[in-house]
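Here are some notes to read alongside the model. Please keep the structure open and find each residue as it comes up.

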Amino acid sequence: MHRTYRGREITVTQQDSSCCTFTIGDGAPCSAAALVVSGVDPYDPAAVYDWLTSQIDTIDTEPVRPLMAAWWYAPGTVTSCSRGHTKAPDTACADSWCVRQERAAARRAARRTGITAASLAGVLTRAGHARAELRHDGTAKSVGFSCSGELRGARVCVMWRDGLLHNGLAEQLHDIARTLLAKGYRVEVHPESSVLRVYPKGSPGSAAYAYTSPAP
């Protein structure tokens, strides 16, 4: 018996009244012996074929199953991930192990592209900006900038510590902002704020309050 059903080429064969064998698409021949547990007579080609088409009807109404053999699906509708799981084209693999690996990779990438108060302070120090030395209570022992992380890996605040109360940005923060912009960071300043908010390179930030250098 050879028929086409929903894009699949299905072949059911039987030799000398033996147990049937079936093939779908380019899959390897499979014995129908195990179908007896599903109430299917494995010696009846018509019964085996009906069971196969019923399974295909169910498969076509559900998301792609990562552990289902690709030959169960119509040609061109599925592919394999790098670990051999079945998946729909142009989508991430839904296998639980692959999902965990992708999430872990995303976290590692975020750490690589994110910023911290320490890493940004290092960038500014190497660029020649003076860094304030802080006491245990957070007050400054020397004049300079200080960094604090507001959002882990996503945003750092830069302040100028000179013991004065500034209405707006200290002049030194403008120099720091220009340094950071030249290095590709996203720098923002809220209205009347005396703090720079710095985002990782390539980040859109809050999509508002972009720093602009004052006119000379």
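1. Is Glu 188 buried or exposed? This is a predicted model, and in it Glu 188 has a relative accessible area of 0%. The cut-off for buried is under 20%, so Glu 188 is buried. Glu 188 belongs to strand E9, which covers residues 186-188.

2. What does the side chain of Glu 188 meet in a polar contact of 3.0 Å? The partner is the side chain of Arg 186. Leaving out residues up to four places away in sequence, Glu 188 also touches a list of others, among them Val 195, Leu 196, Arg 197 and Tyr 199. The run from Pro 204 through Gly 205, Ser 206, Ala 207, Ala 208, Tyr 209 and Ala 210 to Tyr 211 is included in that list as well.

3. In soluble globular proteins, nonpolar side chains tend to be buried together. The largest nonpolar core here has 22 residues, and the members that touch the most other members are Val 158, Ile 176, Leu 180, Leu 196 and Val 198. Two or more residues each come from helix H3 (117-126), strand E8 (155-161), helix H4 (171-182) and strand E10 (196-199). The most come from H3, which gives 5 residues.

4. With neighbours within four places in sequence set aside, its contacts include Leu 120, Leu 124, Phe 145, Leu 173, Ile 176, Leu 196 and Val 198. Ser 146, Cys 147 and Val 195 are also in contact with Val 158.

5. Asp 57 is partly exposed at 28% relative accessibility, and Arg 6 is partly exposed at 46%.

6. Another salt bridge joins Arg 8 and Asp 60, whose closest N and O atoms are 2.6 Å apart. Arg 8 is buried, with a relative accessible area of 2%, whereas Asp 60 is partly exposed at 36%. Through shared partners, salt bridges join Arg 6, Arg 8, Asp 57 and Asp 60 into one network.

7. Last, the aromatic rings. The whole structure has 2 aromatic pairs. Trp 51 and Trp 72 are edge-to-face, with 6.3 Å from centre to centre and 75 degrees between the planes. Trp 51 lies in helix H1 and Trp 72 in the loop between H1 and E5, so the pair ties together parts 21 residues apart in sequence. Trp 71 and Trp 72 have ring centres 5.2 Å apart and planes at 25 degrees, so that pair is stacked. Trp 72 counts as buried at 9% relative accessibility, while Trp 71 is partly exposed at 22%. These ring pairs link Trp 51, Trp 71 and Trp 72 into a cluster.

Note on methods: Residues are numbered from 1 along each chain as its sequence is written. This is a predicted model: local features need pLDDT of at least 70, side-chain atom pairs count only at pLDDT 80 or more; totals for chains, interfaces and linings use all residues. Side-chain values use heavy atoms; hydrogens and water are left out. A nonpolar core is a set of buried Ala, Val, Leu, Ile, Met, Phe, Trp, Tyr and Cys residues joined through side-chain atoms within 4.5 Å. Buried means under 20% relative accessible area, exposed over 50%, partly exposed in between (1.4 Å probe, protein chains only). Helices (H or I, at least four residues) and strands (E, at least two) are DSSP runs, numbered from the N terminus. Contact means heavy atoms within 4.5 Å. A polar contact is a pair of N or O atoms within 3.5 Å; within protein, one must be able to donate a hydrogen and the other to accept it, and residues adjacent in sequence count only if both atoms are side-chain atoms. A salt bridge is a side-chain nitrogen of Lys or Arg within 4 Å of a carboxyl oxygen of Asp or Glu. Rings of Phe, Tyr and Trp (its six-membered ring) pair if their centres lie within 6.5 Å; planes under 30 degrees apart count as stacked, over 60 as edge-to-face and the rest as tilted.
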